[in-house]
Amino acid sequence: MQPVVRVHSTTVVIPSSNIDTDQIIPARFLTTTTKQGLGRQLFADWRYHPDGTPVAEFVLNRPESSGAQVLVAGRNFGCGSSREHAPWALLDFGFRAVISTEIADIFRGNSLKNGLLPIVVDDATSRWLLDHPGAEIDIDLNTCRLTLPTGVSVAFLLEAFARHCLLHGVDELGYLQSCLDDIQRYEAARSW
Amino acid sequence: MRTLFDKVWAAHEVVAETADTPAVLYVDLHLIHEVTSPQAFSTLKRLGLPVRRPDRTLATMDHSIPTSSEQVFGNVPIKVDAAALQVRQLEENAAQFGVELFGMRDARRGIVHVISPELGTTQPGMTIVCGDSHTSTHGAFGALAFGIGTTEVGHVFATQTLLQRKPKTFAVNVEGRLRPGVTAKDLILAVIGKIGVSGGTGHVFEYRGAAIRALSMDERMTVCNMSIEAGARAGMIAPDDTTFAYLKDKPRAPKGKDWDTALARWRTFVTDPGATFDASVDIDASSLEPMITYGTNPGMVLPIGAAIPDNAGDEVFDKALRYMGFHGGDAMLGKRVDVVFIGSCTNGRLDDLKAAAHILKGRKVAPGVRLLIVPGSQDIKRQAEAAGYADIFKAAGADWRESGCSMCLGMNGDTVDAGQYSISTSNRNFEGRQGVGARTLLVSPFTAAASAVRGRITDPREML
Ligand code: SF4
């Protein structure tokens with residue numbers, strides 16, 4: 001994994017709350033056996049008409065969204081299934097961070113493992129971001145701070161180990177493999 | 001004084017968590033299926049690693065496989081090409097890595113969360129993971145069972161462990177007793193309605209109380225299955241004599257002296273009196289009614305006789321109602337039904353099919369309504385056929401299929417058309433879950449069957 005230190009970008013806002021993984025990437029696209037190319041199907045049912053033509057007014061299809069790396073969403077983003085295809089699709093589309101007041105557990109874990117930053121903010125910050133689509137913001141993993149164009153800067157929490165892995169591009173599998181002696185000892189000591 | 005969760009967690013800590021590092025948690029049983037495993041196998045191949053404990057790994061096919069007999073057993077090829085590729089890849093991967101696979105034509109195949117309990121591989125006190133959020137189902141046996149992503153599937157393949165922060169505990173206390181016609185599905189929908197779809201985030205539920213103790217294993221699995229719909233990572237129920245009676249003589253449950261040893265150990269997996277939880281909620285089972293969802297998440301749920309609340313002005317609420325084609329103030333009873341789906345890892349077990357058969361016996365599906373009944377496993381299919389339920393279903397005009405996830409997520413071609421109303425015993429009513437534009441209403445098997453007969457949303461208690 002490439003290290004992630006900072007994301008500096010404009011935002012795209014999808015204000016709905018409880019955006020579930022079936023919206024992020026509908027199940028019929030899960031028949032893939034690779035991680036690549038899912039960006040085309042990101043939010044497919046909101047982004048395209050049944051005949052495949054783009055829904056012009058949907059935010060991801062609008063010119064001002066192009067190049068934006070931060071998605072701001074309503075409460076409880078990423079609920080539903082464990083499909084890692086959801087962060088894969090967001091990353092493939094070009095997003096590097098997702099901001100909400102609440103982010104579902106499995107989606108959060110999956111995002112961190114792929115270098116997509118799940119940033120949980122307070123209500124006031126969320127409100128400001130939801131009200132200012134396209135705002136140019138800065139997310140700094142070194143300081144764990146998010147800075148708005150107004151100059152307001154808020155701290156966010158990121159689990160220490162996940163942050164370490166992101167900052168240094170550490171692969172969690174490598175870390176687990178370094179624990180193999182412990183794992184063997186554990187297995188040997190178990191009586192059941 | 002420790003909770004059930006604390007005990008299972010502690011027994012699996014290879015390395016305890018610190019401020020800087022999560023715990024290394026040992027995984028007793030790793031279940032895999034065709035949709036979330038290919039990329040994890042690719043990682044192993046890229047790194048030249050084996051599956052470390054194939055003996056703790058079980059594979060099945062459920063999500064994208066067809067449910068028509070001609071495609072499963074006949075010479076008709078799988079309709080969805082990409083699904084056929086996934087099925088082939090899992091066959092190849094399982095063979096290459098020495099993982100036991102219940103392949104497409106295996107008599108033991110079925111939905112991953114249905115077959116492991118049937119086999120007796122799901123046992124109290126275990127840690128069980130799968131690349132699937134409804135892994136919480138196995139918590140019904142007092143196991144700590146949760147869904148993981150594909151990267152983590154790779155971690156478990158390679159090391160049989162996971163990096164995990166210890167979640168918080170949440171007691172869901174359900175006293176009283178469910179009334180006739182009110183099922184475990186209604187109970188869990190009521191819980192989700194009460195605490196909301198993110199109410200359990202960061203927590204593991206323990207379902208407790210007299211109403212839970214009175215449930216069969218099939219019913220307990222229905223309850224634990226939907227823990228994730230309240231945001232919880234897992235849901236657990238302490239094992240008791242109901243659990244042990246279910247497991248006894250299951251093909252892979254311990255036998256003879258091993259059974260006695262296991263039983264003594266399993267009995268310790270209960271929350272000590274006086275142990276405390278980080279959060280709790282109290283529900284009175286006696287006051288519950290059959291429940292039905294009206295929106296686009298499982299928390300938008302009502303007693304079946306109620307009217308949709310009028311929250312006009314709430315953008316999210318309005319959007320959900322627009323999608324569903326409903327209006328604030330509408331009564332749920334009597335609404336139109338196009339498709340009825342009975343199945344899934346929530347309600348595709350024998351108790352569920354028995355409930356559906358009870359309603360459908362001697363009755364017919366209303367004209368214009370499609371009723372699809374998909375057993376959770378091939379074993380359940382055989383049992384339902386032996387018990388005569390399948391004949392009742394066919395006589396009623398239902399479509400009776402081979403096992404699989406089917407219309408629960410519409411990956412295999414079993415889908416609901418845009419704009420149609422699907423009364424479903426599955427677990428998610430998200431937009432498009434059962435097909436592009438499909439409108440899903442989650443209910444119990446009783447309510448699903450009763451609504452299929454009338455062609456309108458019906459309180460099943462009128463037909464018991
Ligand atoms: S039946 Fe539905 S919820 Fe259960 S494992 Fe299959 S797709 Fe997931």
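Visitor: Why is A:Arg6 called exposed?

Guide: This is a predicted model, and in it A:Arg6 has a relative accessible area of 53%. The label exposed requires a value over 50%, so A:Arg6 qualifies at 53%.

Visitor: What makes the pair A:Arg6 and A:Asp138 a salt bridge?

Guide: The closest N and O atoms of A:Arg6 and A:Asp138 are 2.7 Å apart. The cut-off for a side-chain nitrogen of Arg and a carboxyl oxygen of Asp is 4 Å, so the pair counts as a salt bridge at 2.7 Å.

Visitor: Is A:Asp138 buried or exposed, and how do you know?

Guide: A:Asp138 has a relative accessible area of 11%. Buried means under 20%, so A:Asp138 is buried.

Visitor: How do you know that B:Arg165 and A:Glu159 form a salt bridge?

Guide: Their closest N and O atoms are 2.6 Å apart, and the limit is 4 Å. B:Arg165 lies in the loop between S8 and strand S9 (168–175) of chain B, while A:Glu159 lies in the loop between strand S7 (153–155) and helix H6 (160–168) of chain A, so the pair joins two chains.

Visitor: Why is B:Arg165 called partly exposed?

Guide: The partly exposed class lies between the buried limit of 20% and the exposed limit of 50%. B:Arg165 has 28% relative accessibility, so it counts as partly exposed. A:Glu159, at 25%, is also put down as partly exposed.

Visitor: What makes B:Asp28 and A:Arg190 a salt bridge?

Guide: The N to O distance between the side chains of B:Asp28 and A:Arg190 is 2.8 Å, against a limit of 4 Å. The count between chain B and chain A is 6 salt bridges. Over all chains, a search of the whole structure finds 39.

Visitor: Which residues are linked in a network of salt bridges?

Guide: The network links A:Glu187, B:Arg52, B:Arg53 and B:Asp55.

Visitor: How many residues of chain B are in contact with chain A?

Guide: 63 residues of chain B are in contact with 50 residues of chain A. The two chains bury about 4,600 Å² between them, with 58% of it on carbon and sulfur atoms. There are 21 residue pairs in polar contact between chain B and chain A, both residues at pLDDT 80 or more. Elements of chain B that give two or more residues to the side touching chain A include strand S1 (13–15), helix H4 (81–97) and helix H6 (150–159). H6(B) gives the largest share, 6 residues. By class, that side of chain B has 25 nonpolar, 22 polar and 16 charged residues.

Visitor: Why is B:Gln160 called buried?

Guide: The relative accessible area of B:Gln160 is 0%. The buried class takes values under 20%, so B:Gln160 is buried. B:Gln160 lies in the loop between H6 and S8 of chain B. Leaving aside neighbours within four places in sequence, its contacts include B:Leu25, B:Tyr26, B:Arg56 and B:His155.

Visitor: How far does the backbone oxygen of B:Val27 lie from a polar atom of the side chain of B:Gln160?

Guide: The distance is 2.7 Å.

Visitor: What makes B:Lys335 count as buried?

Guide: B:Lys335 has 15% relative accessibility, and the class limit is 20%, so B:Lys335 counts as buried. The side chain of B:Lys335 meets that of B:Asp330 in a salt bridge, 2.9 Å from N to O.

Definitions and conventions. Residues are numbered from 1 along each chain as its sequence is written. Chains are lettered from A and ligands numbered from 1 in the order in which they are written. This is a predicted model: local features need pLDDT of at least 70, side-chain atom pairs count only at pLDDT 80 or more; totals for chains, interfaces and linings use all residues. Side-chain values use heavy atoms; hydrogens and water are left out. Contact means heavy atoms within 4.5 Å. Buried area is the accessible area (1.4 Å probe) that two parts lose on being put together, summed over both. A polar contact is a pair of N or O atoms within 3.5 Å; within protein, one must be able to donate a hydrogen and the other to accept it, and residues adjacent in sequence count only if both atoms are side-chain atoms. Helices (H or I, at least four residues) and strands (E, at least two) are DSSP runs, numbered from the N terminus. Ala, Val, Leu, Ile, Met, Phe, Trp, Tyr, Cys and Pro count as nonpolar, Asp, Glu, Lys and Arg as charged, and the others, Gly among them, as polar. Buried means under 20% relative accessible area, exposed over 50%, partly exposed in between (1.4 Å probe, protein chains only).
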